[in-house]
Amino acid sequence: MYNVAWVDNDKCIAEKGCRLCIMYCPEADTIMLDESVKKAIVIEPRCKGCDLCKVVCSTHNAITMFPVDPTTGKVIMGGEEAETAGLGQAYSG
Ligand code: SF4
Ligand code: SF4
């Protein structure tokens with residue numbers, strides 16, 4: 001079981017210029033600005049669940065980690081966060 005990040009649009013302040021999560025995410029093109037709504041959006045299949053975006057968004061608390069069902073690959077919205085992948089684990093392959 002691993003996690004992916006999810007952005008709560010009601011809390012995200014990207015429309016005011018915040019790009020912290022986008023700047024800090026170590027994965028290219030994984031958390032991006034959704035131009036249509038001016039909020040951050042996670043491209044779930046690319047997310048490694050490293051938690052960095054959640055940490056840098058701690059002031060606005062707009063990012064939650066949700067687990068992914070390993071058999072279906074679907075995000076379990078509202079599910080209890082699985083153990084965070086350490087960075088080494090996330091990038092080992
Ligand atoms: S750091 Fe938080 S508030 Fe800022 S753009 Fe990312 S999700 Fe939105
Ligand atoms: S959890 Fe890590 S890989 Fe996923 S969007 Fe956040 S910073 Fe990027």
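Trainee: What makes a residue one of the 13 that surround ligand 2?

Mentor: The model is predicted, and the test is distance. A residue counts if its C-beta atom, placed from the backbone, lies within 6 Å of the molecule. For ligand 2, 13 residues surround it, and the closest are Cys 25, Cys 47, Cys 50, Leu 52 and Cys 53.

Trainee: Which residues are closest to ligand 1?

Mentor: Cys 12, Cys 18, Leu 20, Cys 21 and Cys 57. They belong to a set of 14 residues that surround ligand 1.

Trainee: How do the residues of the shell around ligand 1 divide?

Mentor: Into twelve nonpolar, one polar and one charged. The shell around ligand 2 has eight nonpolar, two polar and three charged residues.

Trainee: What makes a set of residues a nonpolar core?

Mentor: Its members are buried, of listed types such as Ala and Cys, and joined through C-beta atoms within 7 Å. The largest core has 21 residues, and Ala 5, Cys 21 and Cys 53 touch the most other members. Strand 1 (2-7), helix 1 (20-24), strand 3 (39-42), helix 2 (52-56) and strand 4 (63-68) each give two or more residues to this core.

Trainee: Which residues does Ala 5 touch, not counting residues up to four places away in sequence?

Mentor: Ile 31, Val 42, Cys 47, Cys 53, Lys 54, Ile 63 and Met 65.

Trainee: What pattern does the protein follow along the sequence?

Mentor: The pattern is β-α-β-β-α-β-α, with three helices and four strands.

Notes. Residues numbered from 1 in each chain as written. Chains lettered and ligands numbered in written order. Predicted model: local features only at pLDDT ≥ 70, side-chain atom pairs only at ≥ 80, totals over all residues. Nonpolar A, V, L, I, M, F, W, Y, C, P; charged D, E, K, R; others polar. Buried ≥ 20, exposed ≤ 12 C-beta atoms within 10 Å, placed from the backbone. Contact = placed C-beta atoms within 7 Å.
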